[in-house]
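Here is a briefing on one protein model. Please look over the sequence and the structure before reading on.

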Amino acid sequence: MLFRVVGLVGVIAIGGCSGETPAQIDANPAGPRCSMQIYDLCVEEHDCTSNLCQNFAAEGFQICTQGCDASNPCPADKSGAPGTCEGGVICKPSAPNMCHL
């Protein structure tokens with residue numbers, strides 16, 4: 001019986017080192033939780049410190065965002081590039097921050 005338990009542990013340890021790519025952090029519940037910041041994922045406005053949760057359906061994400069215009073540009077997204085000021089009114093990143101709700 002002891003041999004089987006040791007053998008099972010060995011299989012688990014080997015399986016964990018198989019070199020497979022881990023799941024994206026956005027889909028990984030063990031990854032960081034969203035902290036209500038700009039470009040974090042959201043479900044409703046109360047999920048955001050800005051109180052603005054916007055669905056960008058064409059891009060496939062819904063995020064916390066903020067208003068923008070020529071005088072108030074969008075902050076940088078996770079790529080380091082500034083977000084796009086969609087329609088001159090709302091900031092859209094190239095992708096949401098890597099977090100989960």
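Predicted model: local features only at pLDDT ≥ 70, side-chain atom pairs only at ≥ 80, totals over all residues.

Residues are numbered from 1 along each chain as its sequence is written, and side-chain values use heavy atoms, with hydrogens and water left out. The protein has one helix and four strands. Its disulfide count comes to five.

**Fold and burial**

- Along the sequence, the elements run α-β-β-β-β. Helices (H or I, at least four residues) and strands (E, at least two) are DSSP runs, numbered from the N terminus.
- The protein has 101 residues, and 26% of them count as buried. Buried means under 20% relative accessible area, exposed over 50%, and partly exposed in between (1.4 Å probe, protein chains only).
- Take the contacts between residues at least 6 apart in sequence: 43% of them join residues at least 24 apart. A contact means heavy atoms within 4.5 Å.

**Disulfides**

- A disulfide is a covalent bond between the sulfur atoms of two cysteines. The cut-off used here is a pair of cysteine sulfur atoms within 2.5 Å.
- With bonded cysteines counted along the chain, the pairing pattern is 1-10, 2-4, 3-5, 6-8, 7-9.
- Cysteine 42 is joined to cysteine 53, with an S to S distance of 2.0 Å. The link of cysteine 42 and cysteine 53 is right-handed, with 100° about the S-S bond. Cysteine 42 sits in the loop between helix H1 (2-16) and strand S1 (53-56), and cysteine 53 in strand S1, so the pair ties together parts eleven residues apart in sequence. Both cysteine 42 and cysteine 53 are buried.
- Cysteine 68 is joined to cysteine 85, with an S to S distance of 2.0 Å. The link of cysteine 68 and cysteine 85 is right-handed, with 100° about the S-S bond. Cysteine 68 is in the loop between strand S2 (61-64) and strand S3 (84-86), and cysteine 85 is in strand S3, so the pair ties together parts 17 residues apart in sequence. Cysteine 68 counts as buried because its relative accessibility is 6%. Cysteine 85 is at 27%, so it counts as partly exposed.
- Cysteine 74 and cysteine 91 are also bonded, with their sulfur atoms 2.2 Å apart. The torsion about the S-S bond of cysteine 74 and cysteine 91 is about -100°, so this disulfide is left-handed. Cysteine 74 lies in the loop between S2 and S3 and cysteine 91 in strand S4 (residues 90-92), so the pair ties together parts 17 residues apart in sequence. Cysteine 74 and cysteine 91 are both buried.

**Nonpolar core**

- A nonpolar core is a set of buried Ala, Val, Leu, Ile, Met, Phe, Trp, Tyr and Cys residues joined through side-chain atoms within 4.5 Å.
- The largest one has twelve residues, including Ile38, Tyr39, Phe56, Phe61, Cys68, Ile90 and Cys91. S2 and S4 are the elements that give two or more residues to this core.
- Leaving aside neighbours within four places in sequence, isoleucine 90 contacts a set of residues including Leu52, Phe56, Thr65, Cys68 and Cys85.

- Aspartate 77 is in the loop between S2 and S3.
- Aspartate 77 is buried but has no salt bridge. A salt bridge needs a side-chain nitrogen of Lys or Arg within 4 Å of a carboxyl oxygen of Asp or Glu.
- The nearest side chain of opposite charge to aspartate 77 is lysine 78, 8.3 Å away. For charge, Lys and Arg count as positive and Asp and Glu as negative; His and the chain ends are not counted.
- A polar atom of the aspartate 77 side chain lies 2.8 Å from the backbone nitrogen of serine 94.
- Not counting residues up to four places away in sequence, aspartate 77 touches Tyr39, Gly83, Pro93, Ser94 and Ala95.
- Asparagine 97 lies in the segment after S4. Its relative accessibility is 17%, so asparagine 97 counts as buried.
- The side chains of asparagine 97 and aspartate 40 make a polar contact of 2.8 Å. A polar contact is a pair of N or O atoms within 3.5 Å; within protein, one must be able to donate a hydrogen and the other to accept it, and residues adjacent in sequence count only if both atoms are side-chain atoms.

**Backbone**

- Most residues other than glycine have a negative phi.
- Methionine 36 is not a glycine, yet has a positive phi of about 75°. Methionine 36 is in the loop between H1 and S1.
- Asparagine 51 has a positive phi of about 60° and is not a glycine either. Asparagine 51 is found in the loop between H1 and S1.
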